[in-house]
Amino acid sequence: MSALTKSILLFVLNWLDAQLTLVWVHSHVATEGNGLLAPILTAGDAPFLLVKLLIGGFAAYVLYRCAHLTLARRGMQLALTIYMALMLAHAATGMTALGWSQPLAMIDYAGKLPSTILTILV
């Protein structure tokens with residue numbers, strides 16, 4: 001996949017995350033998990049979307065322009081991995097909002113797995 005394609009995908013996932021966050025917050029299903037953007041969300045939807053899209057667009061642009069650097073390529077891969085995991089969390093939130101609680105239980109279990117493995121090893 002080219003650097004341009006990855007940058008566009010990163011921006012689209014950022015935009016989708018912002019839209020789904022607004023849906024869940026207005027449906028009283030969830031709250032904004034990002035402590036830096038939560039106060040901006042209380043100011044309104046437009047400021048939240050503007051800041052979120054500016055940050056995401058800037059990150060996508062910088063990672064695209066610096067794609068010749070190993071650090072930028074790894075950063076892009078990390079950002080896309082995090083956003084894919086975030087999309088799974090949004091899907092689980094949606095399923096929970098519809099009354100199916102199993103996805104949330106699975107995410108809770110998976111979230112506790114690293115500390116459980118660390119406890120066993122130590």
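Which residues is Leu-63 in contact with, leaving aside its neighbours within four places in sequence? Here are some notes to read beside the model, starting with that one.

1. Leu-63 is in contact with Ser-7, Leu-10, Ala-72, Gly-75 and Met-76, once neighbours within four places in sequence are set aside. Contact here means heavy atoms within 4.5 Å.

2. A word on the ground rules: this is a predicted model, where local features need pLDDT of at least 70 and side-chain atom pairs count only at pLDDT 80 or more, while totals for chains, interfaces and linings use all residues. Residues are numbered from 1 along each chain as its sequence is written, and side-chain values use heavy atoms, with hydrogens and water left out.

3. On the overall fold, you will find five helices and zero strands. Helices (H or I, at least four residues) and strands (E, at least two) are DSSP runs, numbered from the N terminus. The C-alpha trace spans about 45 × 40 × 25 Å along its principal axes. Of the contacts with a separation of 6 or more, 65% are between residues 24 or more positions apart.

4. Buried residues make up 25% of the 122 residues; buried means under 20% relative accessible area, exposed over 50%, and partly exposed in between (1.4 Å probe, protein chains only).

5. Leu-63 also belongs to the largest nonpolar core, which has 10 residues in all, including Leu-10, Ala-72, Met-76 and Tyr-83. Such a core is a set of buried Ala, Val, Leu, Ile, Met, Phe, Trp, Tyr and Cys residues joined through side-chain atoms within 4.5 Å. Helices α1, α3 (45-65) and α4 (70-97) each give two or more residues to this core, and α4 gives the most, with six. A second, separate core of five residues includes Ala-18, Leu-22, Leu-37 and Phe-48.

6. Do look at Glu-32, in the loop between α1 (3-26) and α2 (38-43). Glu-32 is buried yet has no salt bridge, and the nearest side chain of opposite charge, Lys-52, is 5.9 Å away. A salt bridge is a side-chain nitrogen of Lys or Arg within 4 Å of a carboxyl oxygen of Asp or Glu; for charge, Lys and Arg count as positive and Asp and Glu as negative, with His and the chain ends not counted. A polar atom of the Glu-32 side chain lies 2.8 Å from the backbone nitrogen of Asn-34.

7. Asp-17 has a relative accessible area of 6%, so it counts as buried. Beyond residues up to four places away in sequence, Asp-17 touches Lys-52, Tyr-83, Leu-86, Met-87 and His-90.

Key
Polar contact = N/O pair within 3.5 Å; in protein donor to acceptor, adjacent residues only side chain to side chain.
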